[in-house]
Amino acid sequence: HSPFTRGKDSSMVDNVIAVRDIRKAFAGVQALDGITLEIAPGEIHCLAGENGSGKSTLIKVISGVHSPDSGTIEMNGKTFSHLNPSEAIANGVQVIYQDFSVFPNLSVMENLALNAEVAAGRTFINWRRMRATAKAAIAKIDFDIDLDAKVGTLSVAQKQLVAISRALMSDARLIIMDEPTTALTKREVDALFKIILDLKARGIATLFVSHKLEEVFEISERFTIIRNGESVITCLPEDLDHKKFSYYMTGREFDDARFTPELVVQEPVLEVSNLGVDGAFADVNLTLCPGEILGITGLLGSGRTELALSLFGALPADTGQIRLDGKPVTLASIRSAIAHGIGYVPEDRLTEGLFLERSIGSNIIISEIDTFVSKVGVFDKAKADAAAADWVKELRIATPNPENAVSTLSGGNQQRIVLAKWLATKPKVLILNGPTVGVDIGSKHDIHRILRELAAEGLAVIIISDDIPEVIQNCNRVMVMNAGRIVAEVDPAVTTDSELAQLMSKDSASLNGKG
Ligand code: ADP
Ligand code: MG
């Protein structure tokens, strides 16, 4: 039932597009170094590769934004050495970029219909005709939206649907989506996948770019994996398991053993009883011993982030009690949480965790800056530099120089800086919220390894995450939150991904019991 022929003779296949041995260099960077990719009509094809592997550059070659240095692009029986954007569109290629290229100040209708009006060379805008055009566009994907709403006021998912509707207005044969799920909730991802299947039913192929394993396995019919600008393999999902997929992506082999604590001191460092924040969560009870990694999972809105913030003093509890090392404490502020030995790695490292324009070194030592200032207020730069250098080494942060700005680092390395910054405060409890969101597979494994090592040294760790494999693999206990309450605690050693997913999404009464 696959849409593409698996015959040996690829000339037999009537591809929507075939790119062969594409190369492209930018000043000093060989972004593409021999990429070959074929997509059959209606096929859902995944282009996978780590950050910087060349995915976006390849898309720009296919859509006519970049001219390749060598290689060919075949479409509709014609062979091109390069394309311009209108040739790409005329041959049925449409790209949904990560920023969707929508105009926030214009209405949905204007975003959808203005192009058509302008393309038709019309001088006078006929609003009725525009409305009809726009209506027809959203009808194609059963998208129910107020055509007069300003696009800037829409959710990310809705903006994406506007971009998809617009792409379908021309005769698209291939829709390319560059990391379309980055900012979507699980439910929105499901809705998007339904649209992709709809497109397929109408013979429209999708090239889906992602490095999120679980997703690409769910939707893709075939994979092309690239690394450092080179094609590594094209294969079917049944030819891949997660381990092979990671290997092709990174060129590294990872140990996928589940976490079992090496050292658990059976004396809780953290005890939480009946904790609650009005309107966010209630009746939370948990204990955590040194050496443990506790997972707290739940969907967006389940209260998981609020609980984390509460344990970090950023959202003080209205009810209940927190004990650290057996003593009741009040975490009324972040400062008091830090003083009690709690560290927190926030969900959005870019906005919450780091000063991007400051150096790597100063970001690391900023939370323990006091220790480098003498009683008379003199800052000991040599000592601070040495401490920063130690962490750079310890956490294998890939930088030629700790004096460089954090903004020069990849996402995975930025996340390690956030870690380093908190470890420098020598916490007893480290809470991480979505520690590997948007991070490459390679860095993700490294971060997990670091957390396991820290646990083995006696740190108590809490990972808050909706990444099911992440908590199953790396925690020795997992608590599930739903509608502001802990609804289950499971042993990850005997729990499957799908069992956990079910617990997370089970409908339950809302917090006040009235829903
Ligand atoms: P991906 O989308 O897989 O993350 P990209 O295609 O964006 O990767 O980048 C591939 C490589 O090419 C990276 O090293 C990136 O820094 C480099 N690169 C991409 N676009 C440009 C450009 N316009 N100028 C210089 N280097 C670029
Ligand atoms: Mg990209």
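Ala488 is buried in this predicted model, with a relative accessible area of 15%. The cut-off for calling a residue buried is a relative accessible area under 20%. Ala488 belongs to strand β20, which covers residues 485-490. Setting aside residues up to four places away in sequence, Ala488 touches Val478, Met479, Val480 and Leu503.

Helix α9 is made of residues 304-311, and its buried residues are Arg304, Leu307, Ala308, Ser310 and Leu311. These residues lie on the same side of α9, because they cover an arc of only 160° around the axis. Just after α9 comes Gly313, which takes a positive phi of about 80°.

The next topic is how helices pack in pairs. Helix α5 consists of residues 156-167 and helix α6 of residues 186-201. Their axes come within 11 Å and cross at roughly 15°. That angle makes α5 roughly parallel to α6, since angles under 35 degrees count as roughly parallel. The crossing of these two helices, α5 and α6, is right-handed. On the α5 side the contact is made by Ala157, Gln160, Leu161 and Ile164, and on the α6 side by Glu188, Leu192 and Ile195. Sorted by class, the contact of α5 with α6 has 5 nonpolar residues, 1 polar residue and 1 charged residue.

A second pair is formed by helix α14, residues 411-423, and helix α15, residues 441-456. Here the axes are 9 Å apart, and the helices pack at an angle of about 15°. Helices α14 and α15 are therefore roughly parallel to each other. The crossing of α14 and α15 is right-handed. From α14, the residues that take part are Gly412, Gln415, Arg416, Leu419 and Leu423. They meet Ser443, Asp446, Ile447, Ile450, Leu451 and Leu454 in α15. In the contact of α14 with α15, 6 residues are nonpolar, 3 are polar and 2 are charged.

Technical notes. Residues are numbered from 1 along each chain as its sequence is written. Chains are lettered from A and ligands numbered from 1 in the order in which they are written. This is a predicted model: local features need pLDDT of at least 70, side-chain atom pairs count only at pLDDT 80 or more; totals for chains, interfaces and linings use all residues. Side-chain values use heavy atoms; hydrogens and water are left out. Axes are lines fitted to C-alpha atoms, for helices over the stretch in contact, and angles run from 0 to 180 degrees between N-to-C directions. Helices (H or I, at least four residues) and strands (E, at least two) are DSSP runs, numbered from the N terminus. Angles under 35 degrees count as roughly parallel, over 145 as roughly antiparallel, 65 to 115 as roughly perpendicular and the rest as oblique. A crossing is left-handed if the near helix is turned anticlockwise from the far one by less than a right angle, and right-handed if clockwise. Contact means heavy atoms within 4.5 Å. Ala, Val, Leu, Ile, Met, Phe, Trp, Tyr, Cys and Pro count as nonpolar, Asp, Glu, Lys and Arg as charged, and the others, Gly among them, as polar. Buried means under 20% relative accessible area, exposed over 50%, partly exposed in between (1.4 Å probe, protein chains only). The arc is that of the directions from the helix axis to the C-beta atoms.
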